[in-house]
Amino acid sequence: MSLKFTPDHEWVRVEGDCATVGITAHAQDALGDVVFVELPEIGAALEQKAVAGVVESVKAASDIYMPLSGTVLEVNEALRADPALANSDPLGAGWFFKIRFSQPAELDALLDEAAYTQLTQ
């Protein structure tokens, strides 16, 4: 299981040909208190960088992008019920959705933790 990041501030936890997606601690800090999330439809097949959802905070609304092309397997209903999970536990209980990715080569474009940290400093 490896953790990767996008320049758009999503994190991706890869497990086999599936991945869990959420927003980074940096993103939730910049957004402020998250008050609403729009999650993708289960079964939706989306291309890398397509808009998969929206996160709204007291400060702004921001699109959530697909980090990898694939099909949505599951969404975090707990997050829909309690959007503040994106603030309190962004890398854990605050995950957004799970996908089965279809283009493994796209993983090469994602950032490792060191590169993401450098990007956000």
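Predicted model: local features only at pLDDT ≥ 70, side-chain atom pairs only at ≥ 80, totals over all residues.
**Notebook: a first look at the fold**

Reading along the sequence, I get the pattern β-β-β-α-β-β-β-β-β-α-α-β-α for the protein chain. That makes 4 helices and 9 strands.

**Entry 1: overall size**

I started with the whole chain. The C-alpha trace spans about 35 × 35 × 20 Å along its principal axes. Is the radius of gyration what a compact globule would have, or what is it? For 121 residues a compact globule would come out near 14 Å, and the protein chain has 13 Å, which agrees.

Then I looked up burial. Of the 121 residues, 43% count as buried. I also checked how far along the sequence the contacts reach. Taking contacts between residues at least 6 apart in sequence, 57% join residues at least 24 apart.

**Entry 2: the sheet**

Next I traced the strands. I find 6 strands in an open sheet, ordered β1-β2-β3-β9-β8-β5, and the pairing is antiparallel. Which strands stand at the edges? They are β1 (2-5) and β5 (45-46); each has a single partner strand, so one side of each is left without a neighbour in the sheet.

I zoomed in on the β1 end. Strand β2 covers residues 10-15, and β1 pairs with β2 in the antiparallel sense over 4 bridges. A reminder for myself: strands of a sheet pair through backbone hydrogen bonds, either parallel or antiparallel.

**Entry 3: the cores**

Now the inside. The largest nonpolar core has 27 residues, and L68, F96, F97 and I99 have the most contacts inside it. Which elements supply at least two residues each? I list β2, β3 (18-23), α1 (25-31), β4 (34-38), β6 (51-57), β8 (70-75), α3 (85-88) and β9 (97-101).

Leaving out residues up to four places away in sequence, F96 touches V21, G22, I23, V37, L39, V55, I64, V75, N76, L79 and A86. There is also a second, separate core of 5 residues, which includes F5, W11, W95 and L111.

**Entry 4: charged pairs**

How many salt bridges are there? I count 2 salt bridges. One of them joins the side chains of D17 and R100, at 3.3 Å from N to O. D17 sits in the loop between β2 and β3 and R100 in strand β9, so this pair ties together parts that are 83 residues apart in sequence. I looked up accessibility for both ends: D17 is partly exposed at a relative accessible area of 39%, and R100 is partly exposed at 40%.

There is a salt bridge between the side chains of E77 and R80 too, at 2.9 Å from N to O. Here the residues are 3 apart in helix α2, so about one helical turn separates E77 from R80. E77 counts as partly exposed, with 46% relative accessibility. For background, side chains of opposite charge can pair when their charged atoms come close.

**Entry 5: more on R80**

I stayed with R80 for a bit. Is R80 buried or partly exposed? R80 is partly exposed, because its relative accessible area is 39%, and buried would need under 20%. The side chain of R80 also shows up in my list of polar contacts, with the side chain of E77 as partner at 2.9 Å.

Beyond the residues up to four places away in sequence, R80 touches V37, L39 and V75. V37, L39 and V75 were on the F96 contact list as well. I also took one distance: R80 and A60 are 20 residues apart in sequence and 17 Å apart in space, C-alpha to C-alpha.

**Entry 6: two positive phi angles**

Last, I went looking in the loops for backbone angles. H9 has a positive phi, near 75 degrees, and is a residue other than glycine. H9 is found in the loop between β1 and β2, and at 23% relative accessibility H9 counts as partly exposed.

K49 has a positive phi too, about 75 degrees, although K49 is not a glycine. Where does K49 lie? I find K49 in the loop between β5 and β6. With 61% relative accessibility, K49 counts as exposed.

Conventions
Residues numbered from 1 in each chain as written. Heavy atoms only, no water. Pairing = 2+ DSSP bridges. Core = buried A, V, L, I, M, F, W, Y, C linked by side-chain atoms within 4.5 Å. Buried < 20%, exposed > 50% of the residue type's maximum accessible area, 1.4 Å probe, protein only. Contact = heavy atoms within 4.5 Å. Polar contact = N/O pair within 3.5 Å; in protein donor to acceptor, adjacent residues only side chain to side chain. Salt bridge = Lys/Arg side-chain N within 4 Å of Asp/Glu carboxyl O. Rg over C-alpha atoms; globule rule 2.2 N^0.38 Å.
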